[in-house]
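Here are some friendly notes to read alongside the model. Please keep the structure open and find each residue as you go.

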Amino acid sequence: IVSGEIKQGEAALYRVKAHAGDHRNGGDEKAPGGGNTVRTRYMLKLVAWVPRQKHSGLIGTMLVRTDPNAFCVAEIEGRQPWILNADHIRSLVQRHEVYRQRMAEDLKFEKRWPAQRRLQMNESLDRKCAKQRARLNTFRDQTTAQLVGYAVRNRIANVILDDGCRSYLPSFGWSDFALKLKNKLDYHGITLIAATDTEESCQPKEKRNASRNKKAKACSGSQA
């Protein structure tokens, strides 16, 4: 960046919540009205454009689909399916949904909580939600990196993403997952194609395979 070899981006300085065990310089803040004390620290974010990696001999298509019994399944012709269950994430999401629902019931105005107590309860809810968002964001980063690594090792040229069946994990942030996957694939020169049939993942295996073969032929034709 300093030498000017790549396009310059931006630098952003922002403050995030922290913990005493982080062992980093920061400060404390407290909301007016008797809120809880919150530790914070400053972070610096650097954004830059970097050259894409070049891979020769990319062929074939990989289908990444959601499944009623797993988080996602990656299928490549002639190989065993790559399955990620992610039961721990499913449990986290379910527990968090229950927690939010119960807190919403407790925070109704009919309860007549004192102002200070209500403020503390809202801050506790905000902290829990922020922690949950961070966990899911980390999981999306890790999972997309695993899928991209699998595609690169198998010299895949096209990845079809079908996230239409979301019964296993309805509340997740699938659009962000698709965006992260697209960006990581794009870095390696691999094309991400969104499935047109959003109900395909919930269909029987025979129908899924027939649809996958049809899309793979279409992708191969477009590459030619």
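The points below go through a sheet, a helix and some salt bridges.

1. Before you start, keep in mind that this is a predicted model.

2. Let's begin with the sheet. Five strands form an open sheet in the order S6-S5-S4-S7-S8, and their pairing is mixed. At the edges sit strand S6 (82-84) and strand S8 (191-194), each of which pairs on one side only. On average, neighbouring strands of this sheet are turned by 20 degrees against each other, direction ignored.

3. S5 and S6 run antiparallel and are joined by three bridges. If you look for Cys72, you will find Leu84 in S6 standing opposite.

4. Next, please follow helix H2, which covers residues 115-153. Its 39 residues reach 57 Å from the first C-alpha to the last, close to the 57 Å expected at 1.5 Å a residue. After H2 comes Arg155, which has a positive phi, near 55 degrees.

5. How many salt bridges does the count come to? The count is seven. One of them joins Glu75 and Arg65, with the closest N and O atoms 2.9 Å apart. This pair links distant parts of the chain, since Glu75 lies in strand S5 (residues 70-76) and Arg65 in strand S4 (residues 61-67), ten residues apart.

6. Are Glu75 and Arg65 buried or exposed? Buried means under 20% relative accessible area. Glu75 has 6% relative accessibility, so Glu75 counts as buried. Arg65 is buried too, because its relative accessible area is 5%. There is also a network here: salt bridges link Arg65, Asp67 and Glu75.

7. Another salt bridge brings the side chains of Asp141 and Lys184 together, at 3.6 Å from N to O. Here too distant parts of the chain are linked: Asp141 belongs to helix H2 and Lys184 to helix H3 (residues 174-187), 43 residues apart. Asp141 counts as partly exposed, at 28% relative accessibility. Lys184 is likewise partly exposed, with a relative accessible area of 24%.

8. Finally, have a look at Asp163 and Arg166, whose side chains meet in a salt bridge of 3.2 Å, N to O. Which of the two partners is buried, and which is partly exposed? Asp163 counts as buried, at 15% relative accessibility, whereas Arg166 is partly exposed, with a relative accessible area of 37%.

How values were computed. Residues are numbered from 1 along each chain as its sequence is written. This is a predicted model: local features need pLDDT of at least 70, side-chain atom pairs count only at pLDDT 80 or more; totals for chains, interfaces and linings use all residues. Side-chain values use heavy atoms; hydrogens and water are left out. Helices (H or I, at least four residues) and strands (E, at least two) are DSSP runs, numbered from the N terminus. The expected span of a helix is 1.5 Å times one less than its number of residues. A salt bridge is a side-chain nitrogen of Lys or Arg within 4 Å of a carboxyl oxygen of Asp or Glu. Buried means under 20% relative accessible area, exposed over 50%, partly exposed in between (1.4 Å probe, protein chains only). Two strands pair if DSSP finds at least two bridges between them. Axes are lines fitted to C-alpha atoms, for helices over the stretch in contact, and angles run from 0 to 180 degrees between N-to-C directions.
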